[in-house]
Amino acid sequence: MAGTADLLPTASLSSVAGLPLERLVAFVRRECSAPSPLVGIGGTVNDVSRSVIAVRGISQTATLGDGVLMRCGPGLTRGEIIRVAESHVLIKPFDDRAVPVLGAPVFPDGALRIAPSPEWKGRVIDALGMPLDGKGPLVPGRVPMPADRSPPAAMRRARVDTGLRTGVNVIDIFTPMCFGQRLGIFAGSGVGKSTLLAMMTKATDFDTVVLALTGERGREVRDMLDDTMAGKLGKTITVVATGDESPMMRRLAPNTATAIAEYFRDRGENVLLIVDSITRFAHAAREVAIAAEEPPVSRGYPPSVFSQLPRLLERAGPGLEGGGTITGIYSVLVDGDDHNDPVSDAIRGTLDGHIVLDRGIAAQGRYPAVDVPGSVSRLAQHGWTPEQKKLVTQLRGLIARFEETRDLRAIGAYQAGNDGFLDQAVTLVPKIYEAMQQTPDMPVSIDPYNDLAAALRGKENA
């Protein structure tokens, strides 16, 4: 036992003084065999920039996507490993303001896991699962789960075939939705995406609503929660990552919200998941990928962005047979009003339908500014009866004819009586547009088809 003292930390020597020899030997063996998270497995910071931090010493044990804790001043800050090289790893911190000094210690902390519970309803949290509403700590659930999970196997998922009412008449008539469907709302900035999303939260068929505000202005968060969604927050969990937060937080927020939605879906609930906006998630993923030295390939977007998008979107939808569903609604901010930009095109090809909001329609004062001919629901057949399907097909034809002849009518080249179908469109379409106008403070329609018929009959009788 002559070398026993050399094996013990200095701070431990005083605690073992006076112990019997047998207990001392047992203590030494326990101290020497127990792994320590702070000894032998950490690394040190060797390069710091505004976009990424390089760390030496953990390359051999690091895994892509693992979390780490870095010493920044008196405290620790969390980061994620985004690239692993032989000599170093690249780490992106979740807080851009945390800048470690050269030589600062870095320790692995495992993948991020959250533990949702029913007590989270009515709360506002950040992307890391920390409360933001000042209502005290969150009650954790029993089973922590990773924020980035795999979707259920395709052959084990339930079918999507049960229609629902969103409460927005133009959607319920022309692009009806189903439980477990994933729908995108495509629009440029300032056309009414957030307002339309808030209107859709009025649907009463959902047990839980999970709202992810990703990249939004800080002012809009309070406006949406206190005004637009007033009275509906009791069953809502809000995940917030504002535009001034780091790209790591903005990339994580939709994943955290989806993990929370998956928890309630696995409990058998019908969940409404709203992400506003998925485009800002793609922007954040682009920043992280470029920081990891990934080359851009399509309008500045690295390839990994186009693999992360479907992986996130596929997590929504129906669960296993007999379980709950996640109905996903994603707002898509169309850059420069170009609906064919790479991100919009990739999202549109993954989702089960898309609603297009048009700036020209909004300029006319028609809200929601839905472009009916340009909007499609791939599961609409489950929301229509045969009679309704026939009616909507006829109405779509009238609206399409009305819109494609707008320039012709504007120059005075239209003459009534030459085309009976166009005459009918000119008469009915303005009435349809007026009947479809809706604001957030209007009550939810019980039967939008009857309301439309009543409006048209009223106009004709007038």
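Modeller: In this predicted model, α7 bends by about 30 degrees at Ala253, and within four residues comes a proline, Pro254. The bend is the angle between axes fitted to the seven residues ending at a position and the seven starting there. Helices are DSSP runs of H or I with at least four residues, strands are runs of E with at least two, and both are numbered from the N terminus. From its first C-alpha to its last, α7 reaches 29 Å, close to the 28 Å expected for its 20 residues at 1.5 Å a residue (1.5 Å times one less than the number of residues). Because 19 of its 20 residues are buried, α7 is largely enclosed by the rest of the structure. Buried means under 20% relative accessible area, exposed over 50%, and partly exposed in between, with a 1.4 Å probe and protein chains only.

After α7 comes Gly268, with a positive phi near 95 degrees. Beyond it, the loop between β15 (270-276) and α8 holds Ser277. Neither is a glycine, yet phi is positive at both: about 70 degrees for Glu293 and about 50 degrees for Arg299. Most residues other than glycine have a negative phi, and most peptide bonds are trans. Glu293, at 53% relative accessibility, counts as exposed. Arg299 is exposed too, its relative accessible area being 57%.

Elsewhere in the chain, the bond from Tyr367 to Pro368 is also cis, with omega near -5 degrees. Pro368 sits in the loop between α11 (359-363) and β19 (376-377). Lys193 belongs to helix α5, which covers residues 193-200, and is buried, with a relative accessible area of 10%. The C-alpha atoms of Lys193 and Leu333 are 8.5 Å apart, though 140 residues separate the two along the chain.

Residues are numbered from 1 along each chain as its sequence is written, and side-chain values use heavy atoms, without hydrogens or water. Since the model is predicted, local features need pLDDT of at least 70 and side-chain atom pairs count only at pLDDT 80 or more, while totals for chains, interfaces and linings use all residues.
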